[in-house]
Amino acid sequence: MNLDFSDEQKQLRDQVRRFLAEKCSPAAVRKILEGPSAYDRDLYMGLAELGVLGAAIPEEYGGVGLGDLELCVIAEELGRVIAPVPVASSIYLASEFLLMSGSETQKSYWLPKLSSGEAIGTFALNEGQGRMTPEKIEARVESGRITGAKVPVADGSFADFAVVAARDDSDEVSLYIVTLDSEGVSREVLESIDPTRDQARITFDGAQAELLGGKGDGWHIASVVMDRAAILLAFEQLGGADRAMEMARDYALERIAFGRQIGSFQAIKHMLADMYVSATLARSNCYYGAWALVSGAAERPVAAATARVSATTAFQQCSKNNIQVHGGMGFTWAFDCHLYYRRSNALSLALGGLSTWESLLIERMSAGNAESAA
């Protein structure tokens with residue numbers, strides 16, 4: 001495997017980085033963190049106008065028709081600035097569910113709205129704490145009406161629709177599209193460590209539900225889409241880890257203590273070196289995931305779990321050590337270190353926590369080894 005981004009993809013990265021540098025400063029992130037808005041609507045619409053939201057959506061459905069590698073490039077840049085926008089929920093997940101299993105009518109209706117930013121989607125799977133399995137799903141659809149509760153749902157307080165995993169009349173797990181402003185749907189905003197990444201409880205009480213994909217195929221489809229989303233989220237985490245490391249490095253070169261740059265002290269050197277090693281390992285595994293994503297390789301499930309585990313670890317380590325390098329000032333509200341620490345913890349729980357992906361990695365590698373030995 002030898003992956004590198006093309007010149008065109010690097011140009012896309014530079015274009016997105018320039019746009020975000022202008023539109024998504026730390027002050028803009030703080031405005032969402034401290035204000036009443038759940039996300040930056042102006043930034044989100046700007047990304048839509050730039051073609052970011054429709055990057056991997058085919059042109060026939062209102063998108064740009066690029067591909068998954070371009071989406072990886074975009075995800076890394078969004079992660080660098082910890083953008084307060086629902087791209088993960090709406091683009092990595094909702095649009096992928098539609099592209100993979102939606103009917104022509106469903107694609108024609110929802111995908112142009114997702115690409116333009118007119119509609120925001122999300123995925124409602126979890127029903128409480130712990131690793132989610134098919135056996136834990138209790139939400140149920142009978143006669144086209146869904147009952148049950150999903151918690152937490154990312155960006156659930158303001159999303160226009162959700163792809164919901166629920167049991168059908170055969171007691172199998174299927175997927176359904178539910179419009180969230182319809183009768184029989186109630187939402188409750190949840191407190192979280194990162195208010196720029198909305199979390200909600202959504203309760204369904206006889207709301208209209210439209211089947212997405214084949215009956216009984218829900219868990220299989222969800223597993224495939226979540227693996228794809230895990231790779232994209234890993235790129236977001238990689239971008240955040242890199243930026244946190246840069247912040248620590250820059251401060252270590254600027255801060256003078258005892259007449260010397262603190263970056264010359266051995267303890268700081270070792271901390272920065274550990275951050276660099278962790279971020280570099282994550283980059284290698286993210287590139288492996290990107291290769292598996294676009295090539296359709298059989299090891300994509302392993303690559304997804306590997307990228308997810310390494311990127312989660314790197315972002316948490318780099319954001320935490322960034323605070324330590326900044327010393328006492330790093331713990332204050334005035335410095336931006338806590339913004340990255342918040343996001344690192346929020347993303348570590350997305351699509352299942354670190355322990356979930358570590359378990360999946362072990363299971364998938366063990367299964368692969370067993371097949372090879374057979």
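Reader: Is the crossing of α7 with α8 left-handed or right-handed, and what makes it so?

Author: In this predicted model, α7 passes α8 in a left-handed crossing. The term applies when the near helix is turned anticlockwise from the far one by less than a right angle.

Reader: How do you know whether α7 and α8 are roughly parallel or roughly antiparallel?

Author: Helix α7 and helix α8 (residues 266–295) pack at an angle of about 155°, and their axes lie 9 Å apart. Angles over 145 degrees count as roughly antiparallel, so α7 is roughly antiparallel to α8.

Reader: Which residues of α7 and α8 meet?

Author: From α7 the contact includes R228, I231, F235, D242 and R249; on the α8 side, I268, Y276, R283, C286 and L293 are among them. By class, the contact of α7 with α8 has 18 nonpolar, 1 polar and 4 charged residues.

Reader: How do you know that the end-to-end span of α7 agrees with its number of residues?

Author: Helix α7 runs over residues 218–254, which is 37 residues.

Reader: What makes α7 mostly covered?

Author: Of its 37 residues, 29 are buried, where buried means under 20% relative accessible area.

Reader: Why is R80 called buried?

Author: R80, in helix α4 (residues 68–80), has a relative accessible area of 14%. The cut-off is under 20%, so R80 counts as buried. Apart from neighbours within four places in sequence, R80 contacts R17, G239, G240, D242, R243, E246 and Y340.

Reader: Is V163 buried or exposed, and how do you know?

Author: V163 belongs to strand β4 (residues 161–167). Its relative accessibility is 0%, and the limit for buried is under 20%, so V163 is buried. Not counting residues up to four places away in sequence, V163 touches F97, T122, F123, A124, L175, Y176 and L212. The C-alpha atoms of V163 and G121 are 7.6 Å apart, although 42 residues separate the two along the chain.

Reader: Why are α1 and α3 called roughly antiparallel?

Author: Helix α1 (residues 7–23) packs against helix α3 (residues 41–50) at an angle of about 155°, with 11 Å between their axes. That angle is over 145 degrees, so the pair is roughly antiparallel. The crossing of α1 and α3 is right-handed. Q15, V16, F19, L20 and K23 in α1 meet L43, G46, L47 and L50 in α3. Their contact divides into 6 nonpolar, 2 polar and 1 charged residues.

Methods
Residues are numbered from 1 along each chain as its sequence is written. This is a predicted model: local features need pLDDT of at least 70, side-chain atom pairs count only at pLDDT 80 or more; totals for chains, interfaces and linings use all residues. Side-chain values use heavy atoms; hydrogens and water are left out. Axes are lines fitted to C-alpha atoms, for helices over the stretch in contact, and angles run from 0 to 180 degrees between N-to-C directions. Helices (H or I, at least four residues) and strands (E, at least two) are DSSP runs, numbered from the N terminus. Angles under 35 degrees count as roughly parallel, over 145 as roughly antiparallel, 65 to 115 as roughly perpendicular and the rest as oblique. Contact means heavy atoms within 4.5 Å. Ala, Val, Leu, Ile, Met, Phe, Trp, Tyr, Cys and Pro count as nonpolar, Asp, Glu, Lys and Arg as charged, and the others, Gly among them, as polar. The expected span of a helix is 1.5 Å times one less than its number of residues. Buried means under 20% relative accessible area, exposed over 50%, partly exposed in between (1.4 Å probe, protein chains only).
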